[in-house]
Amino acid sequence: EVVVVAPEVSLHIKPSKNFVMKMYPVPFTQEELDKVFKESILGFFKGGSFLERVTRQYQQVKKNSALFLATCTHLIYNKELIRYLEETKF
């Protein structure tokens, strides 16, 4: 049996018949996640001086990092899911 642990809001991981999906809540919506990543992509192609582009990318990295940190934090503090993973020797 394959078990996949993933946040409820995700870019790539979707439920499938081929594995058991264990999902956990995160404090942002799919729309918010999509917006942050779309802004990251568009920011690469947006013009401006070197300093403006570096500053813009830095701000995007901060947003992305905050989402990733929130995702990890909500997994670690999800006692029910962690208990399940421990009991099943995940």
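Lys-63 sits in helix α2, which spans residues 50-76; helices here are DSSP runs of H or I with at least four residues, numbered from the N terminus. This is a predicted model, in which local features need pLDDT of at least 70 and side-chain atom pairs count only at pLDDT 80 or more, while totals for chains, interfaces and linings use all residues. Residues are numbered from 1 along each chain as its sequence is written, and side-chain values use heavy atoms, leaving out hydrogens and water.

**The two residues**
- Lys-63 is partly exposed, at 40% relative accessible area (buried is under 20%, exposed over 50%, partly exposed in between, with a 1.4 Å probe and protein chains only).
- Ser-40 belongs to helix α1 and counts as buried, with a relative accessibility of 10%.
- From C-alpha to C-alpha, Lys-63 and Ser-40 are 9.3 Å apart in space, although 23 residues separate them in sequence.

**Their contacts**
- Setting aside residues up to four places away in sequence, Lys-63 touches Val-36 and Glu-39 (contact means heavy atoms within 4.5 Å).
- Leaving out neighbours within four places in sequence, Ser-40 is in contact with Gln-57, Gln-60 and Asn-64.

**How the helices meet**
- The axes of α1 (residues 30-45) and α2 come within 10 Å and cross at roughly 155°; axes are lines fitted to C-alpha atoms over the stretch in contact, with angles from 0 to 180 degrees between N-to-C directions.
- Therefore α1 is roughly antiparallel to α2 (angles over 145 degrees count as roughly antiparallel, under 35 as roughly parallel, 65 to 115 as roughly perpendicular and the rest as oblique).
- Among the residues making this contact are Ser-40 of α1 and Lys-63 of α2.

Notes: Helices (H or I, at least four residues) and strands (E, at least two) are DSSP runs, numbered from the N terminus.
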